[in-house]
Amino acid sequence: MNRTISEIRYISESYVKAVEVQDDIDLIYYYVKKADGRWVINIPPLK
């Protein structure tokens, strides 16, 4: 709510991040990957 995706960062041809840049902080809202010809939300494993 009240958030704006200011950048789509292409990590590779099949992996992107949706980011809002605030001053010197990057807020990553979504990781999206292409799987079987479709774009899907990706949730990376916690480290």
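Biologist: What makes Asp 26 count as partly exposed?

Modeller: Its relative accessibility is 40%. Buried means under 20% relative accessible area and exposed means over 50%, with partly exposed in between (1.4 Å probe, protein chains only). So 40% puts Asp 26 in the partly exposed class.

Biologist: And what am I looking at here?

Modeller: This is a predicted model, where local features need pLDDT of at least 70 and side-chain atom pairs count only at pLDDT 80 or more, while totals for chains, interfaces and linings use all residues. Residues are numbered from 1 along each chain as its sequence is written, and side-chain values use heavy atoms, with hydrogens and water left out.

Biologist: How do you know that Asp 26 and Arg 9 meet in a salt bridge?

Modeller: The term asks for a side-chain nitrogen of Lys or Arg within 4 Å of a carboxyl oxygen of Asp or Glu. For Asp 26 and Arg 9 the N to O distance is 3.0 Å, so the pair passes. In general, side chains of opposite charge can pair when their charged atoms come close.

Biologist: What does Glu 7 form with Arg 9?

Modeller: Another salt bridge, with the closest N and O atoms 2.7 Å apart. The structure holds two salt bridges, and Glu 7, Arg 9 and Asp 26 are linked through them in a network. Glu 7, at 33% relative accessibility, is partly exposed, and Arg 9 gets that label too at 24%.

Biologist: Which parts does the pair of Asp 26 and Arg 9 tie together?

Modeller: Asp 26 sits in strand β3 (residues 25–35) and Arg 9 in strand β1 (residues 7–12), so the link joins parts 17 residues apart in sequence. Strands here are DSSP runs of E with at least two residues, and helices are runs of H or I with at least four, numbered from the N terminus. By that count the chain has zero helices and four strands, giving the pattern β-β-β-β along the sequence.

Biologist: Why are the rings of Tyr 15 and Tyr 31 called stacked?

Modeller: A search of the whole structure finds one aromatic pair. Its ring centres, in Tyr 15 and Tyr 31, are 6.1 Å apart and the planes meet at 25°. Rings of Phe, Tyr and Trp (its six-membered ring) pair if their centres lie within 6.5 Å; planes under 30 degrees apart are stacked, over 60 edge-to-face and the rest tilted. Tyr 15 lies in strand β2 (residues 15–22) and Tyr 31 in strand β3, so the pair ties together parts 16 residues apart in sequence. Tyr 31 has 24% relative accessible area, which makes Tyr 31 partly exposed.

Biologist: Why does Asn 42 count as buried?

Modeller: Its relative accessibility is 17%, so Asn 42 falls under the 20% limit. Asn 42 belongs to strand β4 (residues 38–42). Leaving out residues up to four places away in sequence, Asn 42 touches Tyr 15, Tyr 31, Val 32 and Lys 33, where contact means heavy atoms within 4.5 Å. Over the chain, buried residues make up 15% of the 47 residues.

Biologist: How do you know that β2 and β3 pair, and how do they run?

Modeller: Two strands pair if DSSP finds at least two bridges between them. β2 and β3 have eight and run antiparallel, so they qualify. One of the bridges joins Val 19 to Ile 28 in β3. Their hairpin has two residues between the strands, and Asp 23 takes a positive phi near 50°.

Biologist: And how many bridges join β3 to β4?

Modeller: Five, again antiparallel, with Ala 35 bridged to Arg 38 in β4. This hairpin also has two residues between its strands, and Asp 36 in the turn has a positive phi of about 55°.

Biologist: Which residues make the nonpolar surface patch?

Modeller: Ile 5, Ile 8, Tyr 10, Tyr 30, Ile 41 and Ile 43 make a patch of about 700 Å². Patch residues need over 30% relative accessible area and no salt bridge; like charges are joined within 9 Å, and nonpolar side chains (Val, Leu, Ile, Met, Phe, Trp, Tyr) within 5 Å. Areas come from the Shrake-Rupley method with a 1.4 Å probe, and for residues only the protein chains shown count as cover.
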